[in-house]
Amino acid sequence: MRPFVRYLQFQTTSGFMLVLCAAIALIAANSAWSESYLAFWETEVTLGFGDLIFRHSLHHVINDGVMVIFFFVIGLEVKRELVHGALSNLKQASLPIAAAMGGMLVPAGLYLSLQYGEPGMRGWGIPMATDIAFVVGCLAILGPRVPHRLRILLLSLAIVDDIGAIVVIALGYTESLDAQYLLMAAIAIALVHMMSRLGVRRFPPYIAVGAIAWIALHESGVHATLIGVILGLMTPDKSVLVPERFRDYLHVREEDFGDRRWAERSHRAEIVQEVQRLTRETVSPLEYLEMTLHPWAAYVIMPLFALANAGVPIEPQNIGDPVAIAVMLGLVVGKPVGIALFSWIAIRIGLAELPQGVSWPVLLSGSCLAGIGFTMALFIDGLAFGAYGLTTAKTGVIVGSAVSAVVGMGLLLWTLPKQKPASSAPPPPNL
């Protein structure tokens, strides 16, 4: 359970950091410095090599470039859950899969029922995703009263949600394709697979080929961040060096690290480098990269994305806009209804079981928290309505996520069993 606990710790603190950065962006966008703040993200970034010139705004660099690392971490998390986690067992995975399907289909259907035939119809994917960092942060505020199995269910549901969001981005928001660049991206991905099969263990070759694949996918018409997910899913989940062999190696090297022997030893730096390399080979690339990159995604990339995308001028008329209402209803109503309905169907037909210690009222209360769709919802908003999204849709995401957080936490406080007060009996007398 140690990787799971560590993951929750990262998500808990990163959730609070996301709230802080979103609040900063909102305050700045609605202050006297609004124009300067929003103009800062339009600063042009230029990279050139010969005739090849990359010129885009800072906002575009964050959303299409830096977010690749975030999606790579998502790919790693999905691979881990599919191989070793809650999604590796079909019986155990059936409930989160069914719940996530309901949590995607019902909000999208509710949104389309309100926006079908209207210009805002393209935003049907906005209320489908769950922001796990915010959800885990809310659960952390409630403390140990929250059943452990509810945390696992919501985490697994969010992982399946991410898979669904990736499919939506790939299929629903790709308008035109350039076959030449798409073929180049496919060749680069095949080269990554070949290097992995040949046993290439160093990261720089993969980074170089991955960068080529990103450029090709960026120019092909498919959203470039998907290359992060693809490479994450391709990352090997098995270590090369088994612990027994590493232990034997350390026994052989033991004499080299004696006081006098080590002082007289030549090429010590090479020995240290070899020990470091072999130590890393005792864990899989999947585990090593997830441990290394997750703090960067949690504490740098997601807060930076929030600063660049959550700066929305809040105007009263925007809250009453049809697009904002459709997004809010999808998050606040569609999410919990879809999760609870599909969970009930899966349990009713015998595909799944209600987790021990999680009652129906608690499940429904927790599913309200799944309506917090901040990061991925804002990301899909940018895909649906242009690079900078639609202000009314962003307003719907922010208001809908805030309402979902308040309602979900309020219902959990009401439905969860109360904590037993500490015993107030006097201590036994000293004998």
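Biologist: Before we start, what should I know about the model and its numbering?
Modeller: Residues are numbered from 1 along each chain as its sequence is written, and side-chain values use heavy atoms, with hydrogens and water left out. This is a predicted model, where totals for chains, interfaces and linings use all residues, local features need pLDDT of at least 70, and side-chain atom pairs count only at pLDDT 80 or more.

Biologist: Happy with that! Are H7 and H8 roughly parallel or roughly antiparallel?
Modeller: Helices (H or I, at least four residues) and strands (E, at least two) are DSSP runs, numbered from the N terminus. The axes of H7 and helix H8 (residues 203-220) come within 7 Å and cross at roughly 160 degrees; axes are lines fitted to C-alpha atoms, for helices over the stretch in contact, and angles run from 0 to 180 degrees between N-to-C directions. Angles under 35 degrees count as roughly parallel, over 145 as roughly antiparallel, 65 to 115 as roughly perpendicular and the rest as oblique. The pair H7 and H8 is therefore roughly antiparallel.

Biologist: And how many charged residues are in the contact of H7 with H8?
Modeller: Contact means heavy atoms within 4.5 Å, and the residues making this one include Tyr-181, Leu-182 and Met-184 of H7 and Pro-205, Tyr-206 and Glu-219 of H8. Ala, Val, Leu, Ile, Met, Phe, Trp, Tyr, Cys and Pro count as nonpolar, Asp, Glu, Lys and Arg as charged, and the others, Gly among them, as polar. By class, the contact of H7 with H8 has 14 nonpolar and two polar residues, and the number of charged ones is one.

Biologist: Let's turn to H7 and H9: is their crossing left-handed or right-handed?
Modeller: The axes of helix H7 (residues 179-198) and helix H9 (residues 226-234) come within 11 Å and cross at roughly 20 degrees, so the two are roughly parallel to each other. A crossing is left-handed if the near helix is turned anticlockwise from the far one by less than a right angle, and right-handed if clockwise. For H7 and H9 the crossing is right-handed.

Biologist: Which residues of H9 make that contact with H7?
Modeller: On the H7 side the contact is made by Ile-189, Val-192 and His-193. By class, it has six nonpolar, one polar and no charged residues. The H9 residues are Ile-227, Ile-230, Leu-231 and Met-234.

Biologist: Now for H16 and H18: how many polar residues does their contact have?
Modeller: The axes of helix H16 (residues 360-369) and helix H18 (residues 391-415) come within 7 Å and cross at roughly 160 degrees, which makes H16 roughly antiparallel to H18. H16 passes H18 in a left-handed crossing, and among the residues in contact are Cys-368 and Leu-369 of H16 and Ala-405 of H18. The classes come to nine nonpolar, no charged and, for polar residues, five.

Biologist: Which residues does Ala-405 touch, not counting those up to four places away in sequence?
Modeller: Ala-405 has its place in helix H18, and its C-alpha atom is separated by 7.6 Å from that of Gly-371, 34 residues apart along the chain. At 15% relative accessibility Ala-405 counts as buried, where buried means under 20% relative accessible area, exposed over 50%, and partly exposed in between (1.4 Å probe, protein chains only). The residues touched by Ala-405 are Cys-138, Leu-369 and Ile-372.

Biologist: How far is the sulfur of Cys-138 from the closest cysteine sulfur?
Modeller: A disulfide is a pair of cysteine sulfur atoms within 2.5 Å, and by this rule the count comes to zero. Cys-21 is in no disulfide, as the nearest cysteine sulfur, that of Cys-138, is 16 Å away. Cys-138 counts as buried at 8% relative accessibility. The closest sulfur to that of Cys-138 is in Cys-368, too far for a bond at 12 Å.

Biologist: One last thing: is Asp-178 buried or partly exposed?
Modeller: Asp-178 has its place in the loop between helix H6 (148-172) and H7. Leaving aside neighbours within four places in sequence, Asp-178 is in contact with Glu-219 and Ser-220. At 29% relative accessibility, Asp-178 counts as partly exposed.
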